[in-house]
Amino acid sequence: MNTYAKKHLYIGGEWVEGERYVPLFSPYNGEKLADIPQGTIEDVDRAIEAAEKAAYVMRALSSHERAGILDRLASLLEERQDEAAMIIANEAAKPIKAAQVEVKRTIQTYKFSAMEARNRYGETLPMDAAPGGENRVGYTVREPLGVIGAITPFNFPMNLVAHKVGPAIASGNSVVLKPASGTPLSAFFLAELLEEAGLPKGACNVVTGSGRVVGDRLVKDERVKMITFTGSAETGIGIRNQAGLKRVTLELGSNAALIVDEGVDLADVAKRAVTGAFAYQGQVCISLQRIYVHDTVYQAFLRAFVSEAEKLKMGDPLDHKTDVSSLITKEDTKRALSWVEEAVQGGAILETGGMIEENVMRPTVLTNVDRTMKVSCKEVFAPVVVIERIQSIEDGIEAVNDSRYGLQAGIFTPNIHHAFEAADQLQVGGVLINDIPTYRVDHMPYGGVKESGTGREGIRYSVDEMTEMKLIIVNKNK
């Protein structure tokens, strides 16, 4: 990495010096990584203006031209994937082996986007199905909206950006990207690659800085036709309230849950569940936070889960043996620990973890937790999981649904009736049968209900969100 580099805003295809800079530090060891520009309202306005001009250029590009840009982007990222993984590991404290997986997924996301650019179809309508429709031909096309405002989080600084930028380019839109303040280097790296891939100037702009300045300006500006946001429910609700008539896709938080039925391979399920709970320190929107286990297998599952959790190696994100590293900020670490302490003081049992070692929070398992405690009812976004007994699948479904969130949920069961009951009754955007709720591949529809958001990501579904349907009718008699 280019340590202590001074970065610049990327506006209209040019690198623009900011008025003010702030230092960016490694979450793990506090090493200074770069100086990051803090965009002003004027910077955002210039970026929107550049994107608005570029939107006409993007709209005029053929499908194969947009696909070619995305194909070249994927190839460039593939060539530099080691460098990309190092950027993620440094700025996000994501263990390097997890960062490498993210980069591979990002490459796949841009490849899917290129495929989608080539596969945009409308439909023909049987106009003569209604009286008066004779001798008329009707068909639909999908047209780009224009300028897309993309606001992205820290936890997947390359792939979640790709889930917004990729579909936007595929559908012929332009983008103003505001990356998370903690992980801007990935976005600057993307801008470099897009420039090399031949994206028209102004079609992707990167403005870093405060959400209250950069984000609010994007949300309120009428030239921005859509906001696509991933982040907290509170911020997402605020965006929804300020956005007016512009289109909004919100991928918000969750406290994802898993039901474990009797009759399953407990060792295998426990190992899979530990991955779902503690991958990237639990800082995943669909990180497994609540586990409801049938009473007949509860103790055996708990022992297996705790045993697997205690095998995880903590430490430096650049060490290939590391499974769990630092949370994104010291404040997040203090908050997570305070929630654990609050639960223990309220009667919860700390089975393992609940402490800091070398700036890393140990994977933490709690039992006997009241459902009103923060570690259960809120999104902890830390390596903390709650395990609870249930007497039946119905109890488990009720417990999973007792949440303000509804992104994804899972169930492990050998009983097909229980599986379909869960699929039918769980109030979430996605149900994973015989898998953890943390599972995601990048072309599937992804999104939630309740306070987990509105709209769907997944390339084809994002392209639908970023385009408008137009109906065309031809009167053949004239």
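Biologist: Is Asn135 buried, exposed or partly exposed?

Modeller: This is a predicted model, in which local features need pLDDT of at least 70, side-chain atom pairs count only at pLDDT 80 or more, and totals for chains, interfaces and linings use all residues. Residues are numbered from 1 along each chain as its sequence is written, and side-chain values use heavy atoms, with hydrogens and water left out. Buried means under 20% relative accessible area, exposed means over 50%, and partly exposed is in between (1.4 Å probe, protein chains only). With a relative accessibility of 38%, Asn135 is therefore partly exposed.

Biologist: Where does Asn135 sit, and what is its phi?

Modeller: Helices (H or I, at least four residues) and strands (E, at least two) are DSSP runs, numbered from the N terminus. Asn135 belongs to the loop between strand E6 (124-125) and strand E7 (136-144). Most residues other than glycine have a negative phi. Asn135 is not a glycine, yet its phi is positive, at about 60°.

Biologist: What about Asn434: where is it, how accessible is it, and what is its phi?

Modeller: Asn434 is placed in the loop between strand E22 (430-433) and E23. Its relative accessible area is 41%, so Asn434 counts as partly exposed. Although Asn434 is not a glycine, it has a positive phi of about 60°.

Biologist: Which backbone oxygen lies 2.7 Å from a polar atom of the side chain of Ser452?

Modeller: Ser452 is in the loop between strand E23 (449-450) and strand E24 (453-454), and at 0% relative accessibility it is buried. Beyond its neighbours within four places in sequence, its contacts include Leu250, Gly253, Tyr405 and Leu407. A polar contact is a pair of N or O atoms within 3.5 Å; within protein, one must be able to donate a hydrogen and the other to accept it, and residues adjacent in sequence count only if both atoms are side-chain atoms. The backbone oxygen found 2.7 Å from a polar side-chain atom of Ser452 is that of Gly253.

Biologist: Now to a helix. Is Leu218 buried or exposed?

Modeller: Leu218 is part of helix H7 (residues 211-220). Setting aside neighbours within four places in sequence, Leu218 is in contact with residues including Val44, Ile48, Ile151 and Val176. Its relative accessible area is 0%, so Leu218 is buried.

Biologist: And how far apart are the C-alpha atoms of Leu350 and Thr467?

Modeller: Leu350 lies in strand E15 (residues 349-352) and is partly exposed at 36% relative accessibility. Not counting residues up to four places away in sequence, it touches Val340, Val344, Thr364, Val365 and Leu366. Along the chain, Leu350 and Thr467 are 117 residues apart, and their C-alpha atoms are separated by 49 Å.

Biologist: Stepping back to the protein chain, what is its radius of gyration?

Modeller: The secondary structure comes to 15 helices and 25 strands. The radius of gyration is taken over C-alpha atoms, and the globule rule is 2.2 Å times the number of residues to the power 0.38. For 478 residues that rule gives 23 Å, and the chain's value is close to it, so the chain is as compact as a globular protein of that length, with a radius of gyration of 23 Å.

Biologist: What percentage of the contacts with a separation of 6 or more comes from residues 24 or more positions apart?

Modeller: Along its principal axes, the C-alpha trace spans about 75 × 65 × 40 Å. Of the 478 residues, 57% are buried. Among contacts with a separation of 6 or more, the share from residues 24 or more positions apart is 73%.

Key. Contact means heavy atoms within 4.5 Å.
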